[in-house]
Protein chains: 4
Amino acid sequence: MIIILKPDASRQDADEILSQIESVGLKPLYMPGTERTVLGAIGDERVLAGLHLESHPLIERVTPILTPYKQVSRDWHSQDTIVDVGGVPVGGELFVVFAGPCAVESREQMMATGQAVKEAGAHGLRGGAYKPRSSPYSFQGLGVEGLQILQEVSQKTGLPPVTEVVEAGDVNTVEQYAAAFQVGARNMQNFRLLTLLGKSRKPVILKRGMAATVEDLLLAAEYIVAEGNPDVILCERGIRTFETATRNTLDLNAIPFIKHHSHLPVIVDPSHGTGVRDFVAPMAKAAIACGADGLLIEVHNDPRAALSDGQQSLYPDQFARLMQELHSFARAAGKSMTR
Amino acid sequence: MIIILKPDASRQDADEILSQIESVGLKPLYMPGTERTVLGAIGDERVLAGLHLESHPLIERVTPILTPYKQVSRDWHSQDTIVDVGGVPVGGELFVVFAGPCAVESREQMMATGQAVKEAGAHGLRGGAYKPRSSPYSFQGLGVEGLQILQEVSQKTGLPPVTEVVEAGDVNTVEQYAAAFQVGARNMQNFRLLTLLGKSRKPVILKRGMAATVEDLLLAAEYIVAEGNPDVILCERGIRTFETATRNTLDLNAIPFIKHHSHLPVIVDPSHGTGVRDFVAPMAKAAIACGADGLLIEVHNDPRAALSDGQQSLYPDQFARLMQELHSFARAAGKSMTR
Amino acid sequence: MIIILKPDASRQDADEILSQIESVGLKPLYMPGTERTVLGAIGDERVLAGLHLESHPLIERVTPILTPYKQVSRDWHSQDTIVDVGGVPVGGELFVVFAGPCAVESREQMMATGQAVKEAGAHGLRGGAYKPRSSPYSFQGLGVEGLQILQEVSQKTGLPPVTEVVEAGDVNTVEQYAAAFQVGARNMQNFRLLTLLGKSRKPVILKRGMAATVEDLLLAAEYIVAEGNPDVILCERGIRTFETATRNTLDLNAIPFIKHHSHLPVIVDPSHGTGVRDFVAPMAKAAIACGADGLLIEVHNDPRAALSDGQQSLYPDQFARLMQELHSFARAAGKSMTR
Amino acid sequence: MIIILKPDASRQDADEILSQIESVGLKPLYMPGTERTVLGAIGDERVLAGLHLESHPLIERVTPILTPYKQVSRDWHSQDTIVDVGGVPVGGELFVVFAGPCAVESREQMMATGQAVKEAGAHGLRGGAYKPRSSPYSFQGLGVEGLQILQEVSQKTGLPPVTEVVEAGDVNTVEQYAAAFQVGARNMQNFRLLTLLGKSRKPVILKRGMAATVEDLLLAAEYIVAEGNPDVILCERGIRTFETATRNTLDLNAIPFIKHHSHLPVIVDPSHGTGVRDFVAPMAKAAIACGADGLLIEVHNDPRAALSDGQQSLYPDQFARLMQELHSFARAAGKSMTR
């Protein structure tokens, strides 16, 4: 930890802080400069948090040396983690595609869509039973009935189901139906939910919040891993910026950053990341090219009738074409679309 | 609703859409242009949502005429709503200040801080028992014990307590202790929580999310009001932007915007809005000047020892001075600091 | 143009505005609704600009139907424009790579770097003689001497040179040395400069500003094209967002958006787009995958000694490896790296 | 300067860097830690820039201790600078209001507006002769004729004129007419222009760029001051964020930040900062409350006929009312509206 003092801090103030640093077992360092005095603390600086130095009225700035996350970092675990989602390995050579509608709307819709994505080569099935919607006047999901439909279609197609959990109180229910939990962008910092998921044995697909930095995302993953569940898959799905040409700004820079700093697998959701059906395919290809481990794509058997996100859902034939085209990009990236 | 067709939409496509508009009881309009054909739908366009026109492959853009929120808008209710928080009216002539520590840490800390803010003239007491924290390694709050301490200090000082609820499962518990619920920025779109709060009889202070537009905030308030609880107080607390000089960017433009478009009261949190102790006072004054109905301010009896947010907490004497200085700004704004 | 009136506008106010619309030769439309009255104007709505309706105190909102740009749009010109940069076609089947140092620093540095990128298969040579730097204490470029060195290395390697022009007064000078002008992010809305470049016969690589929407970028291009120079290449180089993990947020969504709405070629600068050497290669691959026409990449013969942007410059061997790896991505995208 | 090494840097790598630090006359420090080795450099770290350590492949991060700006900081000059604009002191007890139309459109418009703002109590006259506009199809200003009109109205009213300069080539011309140069948001990093203004004897009102941090703004001011012109007035006018409810997000946090870190005066432009006529008055009051030294406000004798920015221009009677209301806020802030 590097501590920069305000110009009016005296030598005595510095000494007081240095002895505090020593008191928690770290090695203190005194570096007087011409315009500012700088202090250092050598050792596991996470123990320094208890001193709350950033609140000190004579301290200008505190700069950590280490990342605030720990178990999710590559420093902690240098090799890639591979997460098993209902038999599908995520994070290895296989480039994994989870596809399906935004929301489970009916048995018919789900069955038609499930079979279409299966035939096109998808590896997993997505579909929301609980839908967080900006407006109270929008469709909010079918709840448990939706989970049952999802499970039935999963069994029929052999595709493991992933579905969103929006609330700590639903974790037990969702766990019975899903091969992996999905945590949506709006819940990325619902720490109660994360803590509970950390106690589950099912994997978690954790989507980045709209205002979350990659560091925030890694810290949210740390909540889950620190509780004992190592099976977290990160998901980039676009952040909110000033640009309104697309629904969100897909931040693909995050992919190499995460690959560099963390051992967890990371997938991309180009459907929410663009919000525009025509842009899903190019951004899916970009995701594979920059090193992502998979995709989460919205497909609907009849997008015009979709109760949510129809404008960003692929038609089944568009999805089938995209899956075909992805093969050569996967090869170029040293990945494979099939096992 | 204004519907702009893609250049390749035919007259027949337009007719089909027009008859859909008619089928839900709205008056359709056909406006052929030189480069684009535009359709209109006159009437309560919220019923159009069921048609999901934005998913239509031949529709370029759909522009609503009305706001997506309804009951929280001034169109619905033209006069200012005044919300009663444990006897303190928010939204009227009184400029209301809720003050206290970020988190309830101990009986001693809370009592000392509560008495200090009472003496300085605060109208309500804040203090968190459940703390959502970015890192799993940070202090997470005292839970029910914290609520009990808060209640005790509230009774001693006569200041109504406001405290955060982070999870639907906690609503009943928090309701027993709080004069008003606080919903934090990270939970602004926790729709399950909002819906439950809409069924409570206690007021809700709803903080704007870091990536939420003012329209998102008003829609979140609509969730609560639509469920039957009219007592919502909006709170601007800063949004996330590229600027890192301050913790957040306090968006005071939101105050006149909300005052213009909604009848709900709106308060400002300059502590989170700046993240810097020295900037809390100037921004508190700015809030009053641009029309806010009150403030939410972090004060700690000993900020250097604070377990969270110490760097943005005022010392008791700083708070007392600020309260003195606010009087003349309140008068200039046609408000009063005392009843 | 769609014009939404405020609730207090009377029928007479509407009639007045309708007659104004008629007076400029457009067909007016009157659409009274239950909560708002909406007016329409059919025809080339750009002539409406002269009425400044957005300033009208009784008008709530004005929504254009057409894009504000014209000649750069696909509506105007449906086929891809191919721009010739010193013999290199940009915008066709060839995937074009312009490479070289951020700044021309010396004859030796430029010659070594130029030969390295030539051998690796680059199609053009970049190098700045005028450097806009945030701090007045940073290296500002060699000026005309830099242009002369660039030209010499270009002749030696056969790679056409592209270089930045920062000021209207320099256009004539730069034109003598460059195969294409580069307009930097900070000058994207230097309209005097754009207008002058519109009168040149040399192509212009126009980089997106840090706070510019894609629409702003297309409007800036319109300045050049409207003056008579059709040879504009757009360049995505990252925008400024709250994310600080990378220097900028590379907005690759912009590539399919631009390809859809404009006929101009678009290239990507992954060096500025990430600011991190290790992330340049993955994002270069992502650019090709999502449909870009080329790259602008910083390479330095000795990045540790670079006078600017060393942390994002590739070493020559890294660049050579990247060029090799790009081939299979180019093929997958239906492009070619060689002519 | 604090230098954090990558985990794979050896002791020998560290020694090499330490000797480089010593070679430029700074005192090197070696701080080995458990997970990272940290190096320090004590002394005027600005000389370290020449080493370009951020490009070093074994350096993870470089953290400066001092601000990158120097002469504009309070460390350099602790007392408030007062800038004289044609006899009007900016930065002292007087709260200064510059008012007038966005653009000079005609002699009549300018005269009517000038007299109105004079009567209402404005201290200076604004009006643009050169207008940077997003679209090439918008009004671009009257040029020299506009400057002449501005000068005439200034002489008639006794209000010193401030006007925008958009291009280095225009500096000499504008200097003959203006009491102060205005540099617009789009030119904040037009370093050639800034350097030239640094050689002028006339004051400069420097507006913050839409994507500029406050640090960027201070660095841009440093360009002017470093060239010898100490008379810079900073101007907050809103930044670009995801919020679209207002044209820009007025970042008033910047006011206390600038007052704390710099000795230069700072004013606020609530017209561009909101883009909405009705929000100008509340934000003008907020500006005074949080410590700004003055305002830049758009007033037009007939906003409905304005050739630019009509929707954010005040009517003369609105401006007169605002000036009346500002008096009590100025008093509360310890400032005065009259000399």
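1. Between chain A and chain B, 24 residue pairs are in polar contact, both residues of each pair being at pLDDT 80 or more. The model is a predicted one. On chain A, the elements that give two or more residues to the side touching chain B are α1 (11–23), α5 (191–197), α6 (214–226) and α9 (277–289). The largest share comes from α6(A), with 5 residues. By residue class, this side of chain A divides into 21 nonpolar, 14 polar and 15 charged.

2. The A–B contact involves 50 residues of chain A and 50 residues of chain B. About 3,800 Å² is buried between these chains, and carbon and sulfur atoms give 47% of that area. Tyr137(A), Arg192(A) and Arg304(A) supply 17% of what chain A buries against chain B, more than any other three residues.

3. The rule finds 4 salt bridges across the A–B interface. In the one formed by Asp216(A) and Arg240(B), the closest N and O atoms are 2.6 Å apart.

4. Chain A also meets chain D, with 25 residues of chain A in contact with 25 residues of chain D. The buried area here is about 2,000 Å², of which carbon and sulfur atoms give 66%. Glu35(A), Ile65(A) and Phe242(A) supply 23% of the area that chain A buries against chain D, more than any other three residues.

5. Across the A–D interface there are 2 salt bridges by the rule. Asp75(A) pairs with Arg36(D) in a salt bridge, with 2.8 Å between the closest N and O atoms. Strands β1 (2–5), β2 (27–32), β3 (37–42) and β4 (59–63) of chain A each give two or more residues to the side that touches chain D, and β2(A) gives the most, with 3 residues.

Note on methods: Residues numbered from 1 in each chain as written. Chains lettered and ligands numbered in written order. Predicted model: local features only at pLDDT ≥ 70, side-chain atom pairs only at ≥ 80, totals over all residues. Heavy atoms only, no water. Contact = heavy atoms within 4.5 Å. Buried area = accessible area lost by both parts, 1.4 Å probe. Salt bridge = Lys/Arg side-chain N within 4 Å of Asp/Glu carboxyl O. Polar contact = N/O pair within 3.5 Å; in protein donor to acceptor, adjacent residues only side chain to side chain. Helix = DSSP H or I, 4+ residues; strand = E, 2+ residues; numbered from the N terminus. Nonpolar A, V, L, I, M, F, W, Y, C, P; charged D, E, K, R; others polar.
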